[in-house]
Amino acid sequence: MTHDLKTGGDRGYLRIATEEAFATREQIDAYLRMVRDGTADRGMVSLWGFYAQSPSERATQIIDRLLDLGDRRLADMDATGIDVAILSLTSPGVQPLLDIAEAKAMVRRANDHLADRCAAYPTRFVGMTSIAPLDPDWSAAEIRRGARDLGFKGVMVNSHSQGEYLDDPKFDTIFRALADTDQPLYIHPSTPPDAMIGPMLEAGLDGAIFGFGVETGMHLLRLITIGIFDRYPDLQIIVGHMGEALPYWLYRLDYMHQAGVRSQRYERMKPLNKSIHDYMRSNVCVTTSGMAWAPAIQFAQSVLGEDRVMYAMDYPYQYVADEVRTHDLLDMSDTAKRKLMQSNAERVFRL
């Protein structure tokens, strides 16, 4: 693959990258503190014990790129033909912090910093609001502030918060805020909580290679099967990495979910208005972050619909020019490719 990567739509579409991370120095220092003082969970020790301390080229480049919301990031976007980056605070955000007051102050400063950078580069950067879910009412207010005052176009949550998932009724105020602001929720992976990480960690499978997808796919399924889209029929949820494997399980998910409902085996598994597959086609979008693989992209389009799949790079964790070219060279109609690279993101994020 050798074609030049240019911004400006020379191939018939803009490239809008929808899962692009940044960090603040305060956030990374908090992770380091927790790793060093023993308050971090096993996933944070594995992930940020490496990225925040390793002298390796990969780790140091990622930290440098995470912290830059200016010239370096723009140069990297220009070099790979990325017109617009939809930015969010890198996983796990502030969700592992034990001091909720510290977490709220930190994420509010991060949101303000992101809003400032988006205002500085309004044609290149778009922001998503980050929250501190362990205070649901505060998070709901921050969602409204992000939409109303900061100009953000979506909300980012980094999956579980210290082992708690958004299907718990106490988090409903967050979904009410999403409904009130008509903003999509992006569920980004985090390392699995201590209750499930053990066998993955001992095999080196706890992170992006496997554990991320397992944990985040489960989170989305918990929300679907508890009836989140029956309560909030207009809610849109986004997950990355080609849907965290769920598109490829849809037949079995539907079959076994319906069997479970009929059997009344589980107290929480009640009949839903639609099938899991139908919710995935009407209320879920998936992005191609970290999965620049034609068979997976085209399969997801075939089972979810062309309107449900969006491009993402997963910068800076996967910054590979040839992965952009893979998307450019996909064997699909011009209309489908423009949806994938540009117009689906414009619709979902109301750009």
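A polar contact is a pair of N or O atoms within 3.5 Å. The model discussed here is predicted.

Helix H2 covers residues 42-51.

What covers them? The cover includes helix H1 (25-37) and helix H3 (57-67). It also includes helix H8 (194-202) and helix H9 (211-225).

## Helices H1 and H5

Two packed helices are described by the angle between their axes and the distance between the axes. The axes of H1 and H5 come within 10 Å. They cross at roughly 150°. Angles over 145 degrees count as roughly antiparallel, so H1 and H5 are roughly antiparallel to each other.

Which residues meet here? From H1 come Glu26, Gln27, Ala30 and Arg33. From H5 come Glu102, Met106 and Arg109.

## Salt bridges

How many salt bridges does a search of the whole structure find? The search finds 24. Three of them are set out here.

| Pair | Closest N and O atoms |
|---|---|
| Glu142 and Arg108 | 3.5 Å |
| Arg176 and Asp172 | 3.1 Å |
| Lys270 and Glu267 | 3.5 Å |

Take Glu142 and Arg108, which form a salt bridge. Glu142 lies in helix H6 (residues 136-148) and Arg108 in helix H5, so the pair ties together parts that are 34 residues apart in sequence. Is Glu142 buried or exposed? Glu142 is buried, at 2% relative accessibility. Arg108 is partly exposed, with a relative accessible area of 37%.

Next come Arg176 and Asp172. Both lie in helix H7. They are four residues apart, about one turn of the helix. Arg176 counts as partly exposed, at 42% relative accessibility. Asp172 has 17%. Buried means under 20%, so Asp172 counts as buried.

The last pair in the table is Lys270 and Glu267. Lys270 is partly exposed at 43% relative accessibility. Glu267 is exposed, with a relative accessible area of 65%.

Some salt bridges share partners. Such bridges join Arg108, Asp112, Glu142 and Arg145 into one network.

## A buried charge without a salt bridge

Asp254 lies in helix H12 (residues 250-263). Asp254 is buried, yet has no salt bridge. Where is the nearest side chain of opposite charge? That side chain belongs to Arg281, 9.8 Å away. A salt bridge needs the atoms within 4 Å.

What does the side chain of Asp254 reach instead? The side chain reaches the backbone nitrogen of His277 at 3.2 Å. His277 is also among the residues that Asp254 touches, along with Ser275 and Ile276. This list does not count residues up to four places away in sequence.

Two cis peptide bonds can be picked out. One joins Ser91 and Pro92, with omega about 0°. Pro92 lies in the loop between strand E2 (84-89) and helix H5 (100-120). The other cis peptide bond joins Tyr315 and Pro316, where omega is again about 0°. Pro316 is in the loop between strand E9 (309-310) and helix H15 (321-328).

Now look at phi. Ser159 is not a glycine, although its phi is positive, about 50°. Ser159 lies in the loop between strand E5 (155-157) and helix H7 (172-181). Gln162 is placed in the loop between E5 and H7 as well. Its phi is near 55°, again positive in a residue other than glycine.

How do Ser159 and Gln162 stand in accessibility? Ser159 is buried, with a relative accessible area of 1%. Gln162 counts as partly exposed, at 39% relative accessibility.

Technical notes:
Residues are numbered from 1 along each chain as its sequence is written. This is a predicted model: local features need pLDDT of at least 70, side-chain atom pairs count only at pLDDT 80 or more; totals for chains, interfaces and linings use all residues. Side-chain values use heavy atoms; hydrogens and water are left out. Helices (H or I, at least four residues) and strands (E, at least two) are DSSP runs, numbered from the N terminus. Buried means under 20% relative accessible area, exposed over 50%, partly exposed in between (1.4 Å probe, protein chains only). Contact means heavy atoms within 4.5 Å. Lys and Arg count as positive and Asp and Glu as negative; His and the chain ends are not counted. A polar contact is a pair of N or O atoms within 3.5 Å; within protein, one must be able to donate a hydrogen and the other to accept it, and residues adjacent in sequence count only if both atoms are side-chain atoms. Axes are lines fitted to C-alpha atoms, for helices over the stretch in contact, and angles run from 0 to 180 degrees between N-to-C directions. Angles under 35 degrees count as roughly parallel, over 145 as roughly antiparallel, 65 to 115 as roughly perpendicular and the rest as oblique.
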